[in-house]
Protein chains: 2
Amino acid sequence: MDETLDSYDVVVIGAGSTGENVAGRVAGHGMSVAIVESHLVGGDCSYYACTPSKAMLRPPHVLAEARAVAGAREAATGTLSVDAVLERRDKFASHWKDDGQLPWLRDHGIDLVRGRGRLSGVREVTVETDAGVRVLDARRAVAICTGSDPLVPDIPGLRAAQPWTNREAISAPRVPESLAVIGGGAVGVELASAWKSLGADVTMLVREERPLAKMETFAGDAVLGALRELGIWVVTETTVVEVDRKADGTVDVTLGDGAVVHAQEVLVATGREPRTRDLGLEVVGLAPGEWIDVDDHLRVRAVAEGWLYAAGDVTHRALLTHMGKYQARICGDVIAAGDEGAASCPAAIADSIAVTRVVFTDPEVASVGLSEAAARERKVNVKVVDFDIGQIAGARLHSDDYHGQARLVVDDDRHVIVGATFVGRGVSELLHSATIAIVGEVTLERLRHAVPAFPTISEIWLRLLETLGY
Amino acid sequence: MDETLDSYDVVVIGAGSTGENVAGRVAGHGMSVAIVESHLVGGDCSYYACTPSKAMLRPPHVLAEARAVAGAREAATGTLSVDAVLERRDKFASHWKDDGQLPWLRDHGIDLVRGRGRLSGVREVTVETDAGVRVLDARRAVAICTGSDPLVPDIPGLRAAQPWTNREAISAPRVPESLAVIGGGAVGVELASAWKSLGADVTMLVREERPLAKMETFAGDAVLGALRELGIWVVTETTVVEVDRKADGTVDVTLGDGAVVHAQEVLVATGREPRTRDLGLEVVGLAPGEWIDVDDHLRVRAVAEGWLYAAGDVTHRALLTHMGKYQARICGDVIAAGDEGAASCPAAIADSIAVTRVVFTDPEVASVGLSEAAARERKVNVKVVDFDIGQIAGARLHSDDYHGQARLVVDDDRHVIVGATFVGRGVSELLHSATIAIVGEVTLERLRHAVPAFPTISEIWLRLLETLGY
């Protein structure tokens, strides 16, 4: 009996959002599937990233929005309830238990195997479970969806100081008195904002000139200004040379210029590394600890016969929950289509033309596709158009003192948009309009017939198109 | 000298948002232009409709949003400041003065002629100004942008009762003790919500089964539920047979079944009629008091030689500020292109395929293109897909108790979207994604590559596409 149970069409390693979506997709195509998970079904996004961080960020943001509108302001003069915010976060993190995810697996006929899974041969995964070792035979495919871990850089004393990563920073049971954040990416700025809003003294240490250095510069500048207005001490163009956890439990962070930042906790948010060290990659000739290179059908390039797939962070294509889920849908369809059908399956083109990002600070930053710099690097015949969202009636109605900025990056040969960035309150829902314009390659000539409703913030589209001569 | 001044390339009658946009557009093309206005430059939208109504609605809505989020709720327990809301409205209505609009006209080289303008011949407009009669010669074109007036139906006693229209309801200096609203369209539901939020006892009298009867039924049902939850007494499937303003200044509204609604004021919001009664239409063979029929280049069909244009409400194409501005941009381009160039100008196709509407209630209702019923009437091979927005993580993060619904209407032959309706908080900015999909005729196969960011409400797109089999 055991042998029958342990043979599946597809075995997925890692039950984060990407793995769940691969499993759900192939199950939907009628295939049998096992999913292997050593920690929590649902993955980092559900417990240590996107979901709980937004659960913490939304209360201070919506309160600030209410206070930005005359009439509501007078009714919102109380104090943010720290306890209620942390409870909200705990609830959205399902109290770090995954019971709530199991019915979904069951309903989709997906077998969950709890334990550490490793490749142990061609089409074979071996799992160390509490009840012993199980060998899973994957008749059709294995999909690696193990994601990524926080990268802790080699700074003297840092590891010994037991720094927070996103995991500890998102699940901390109480507000630290003070927090030093190393890194100015999305994780850094979101968590700095969250803990500052809840009362911590926060210092941010950013290597570049501004946070969000990979995005358009006006986005980083806007967030830098907002963080400082919030009372966060932001040091830019700095390096950390040493970290020391002292006897009293506090931490000293020494900067390149000799200055010392003293804090109760230190958060490292300097990047990610692939979770592939202990995955048996060597069995199939891949290097443990490296990102896994896949083609646009999510097939591992280095492995013959097309039975090994990877999707999500572990591929290093786009380290974002929603892009992982996108890859998962395509990966699942390709696996289900089989060798013959795969050729007609869609490829994961969005990874190269339309990666979407939202940074949930106040103001929000939302971008899709290429920045101006990236478009120039790709030799696009670039035309850039900027407009102040604060000029739009819908924005002024949203907040009495609205600040925002929008940019479109246009391919002037093809008259299509190849990138867009919006900064301001409420722009996270505006982004998908640009994403559809880019993916649909809708020409500027056609876009003039897409009429945003008055008075919405979306009317920024009119001004951008008008500035482009439409 | 006077004769020179009184000859222009273009004369625009009506300086509402549509007229301003026609004038701005032709001025941008280097033409001389006069704009004639008998009341306030900026038009109804700026003073008696969209802008001030949203200024009144935003404070209660953002306060409700804050109260829907644990942590913020505890800080937002105060009372909405009625005085501050009315001050906010007054400010957004520029205190019903148009000084703020004049620099824009000046900067664009547009001459403002204050007074009532009437067609007095071919390419000729005569204006009664305070300083006497001026005759404006329009070398190229006259554009009629006089908009619409509230329609007051023939109900015994109604006119004599001096009911509020949108004008009085939006500019009332203080909150009425009680208000009876006749009509369940966008104006009715928005103003009923606004005054209820500010403390009035509100009764709504709706002829149809539900408010917003021209939209998808689930939208009207959601708004009906929300109005009732707000404490508005909504009577559906009713008729008003008599209205009586009594000696004490209050009003009795008698319904078809004999019931009487007693209120301090009565608001009529049952539709619009063209503002064309006193416009000299008879001079060019058109019927005063009628809507003006135009082609997709905004040329008045009944007038030869193509010198007479009309745009905005007065054309009855789509009675919405943003659609009027859209027509204005096209009209201006067509006028500037002249007889020969006009053929290659874009036509106002959005009026028939992608009219956008947002009703700013809580929840918001946002729609574009065809409803299911309208698509079936047009013999589209319809496929409809619905999804509960409350299931989306981004929605639950937005409000702890999010309610919402989305529908796409798909042309199953062409695999493109022809209509979309969203109901819920924050959906007004989501709408433009659907508008671009419809206008761009982006296929469903292509839309799967437009990846909404997690966790936004825009992820509703994933579920809708998944339900459609993508």
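Trainee: How far does helix α8 of chain A reach from its first C-alpha to its last?
Mentor: α8(A) covers residues 186–197, twelve residues, and reaches 16 Å. That is close to the 16 Å expected at 1.5 Å a residue. The expected span is 1.5 Å times one less than the number of residues. Helices here are DSSP runs of H or I with at least four residues, strands are E runs of at least two, and both are numbered from the N terminus.

Trainee: Experimental or predicted?
Mentor: This is a predicted model: local features need pLDDT of at least 70, side-chain atom pairs count only at pLDDT 80 or more, and totals for chains, interfaces and linings use all residues. Residues are numbered from 1 along each chain as its sequence is written, while chains are lettered from A and ligands numbered from 1 in the order in which they are written.

Trainee: Back to α8(A). Mostly covered or mostly open?
Mentor: Mostly covered: twelve of its twelve residues are buried. Buried needs 20 or more other C-beta atoms within 10 Å of the residue's own, exposed means 12 or fewer, partly exposed is in between, and C-beta atoms are placed from the backbone. The buried set includes Glu190(A), Trp195(A) and Lys196(A).

Trainee: What follows α8(A)?
Mentor: Gly199(A), with a positive phi near 115°.

Trainee: Switching to chain B. Which strand does β1(B) join through four bridges?
Mentor: β2(B), residues 33–37, running parallel. Strands pair if DSSP finds at least two bridges between them. β1(B) also pairs with β6(B), residues 132–144, in the parallel sense over six bridges.

Trainee: What are the bridge partners of Ile13(B)?
Mentor: Ile144(B) in β6(B), and Val36(B) in β2(B).

Trainee: Which handedness does the unit of β1(B), α2(B) and β2(B) have?
Mentor: Right-handed, a β-α-β unit. With the strands pointing away from the viewer, the path from the first strand over the helix to the second runs clockwise.

Trainee: And the largest nonpolar core, how many residues?
Mentor: It has 306 residues, and Val142(A), Ala143(A), Val142(B) and Ala143(B) touch the most other members. Such a core is a set of buried Ala, Val, Leu, Ile, Met, Phe, Trp, Tyr and Cys residues joined through C-beta atoms within 7 Å. A second, separate core of 16 residues includes Ala72(A) and Ala70(B).

Trainee: Last one. How do β11(A) and β12(A) pair?
Mentor: Antiparallel, over five bridges. Val240(A) stands opposite Leu255(A). The two strands form a hairpin with five residues between them, and Gly249(A) in the turn has a positive phi of about 90°.
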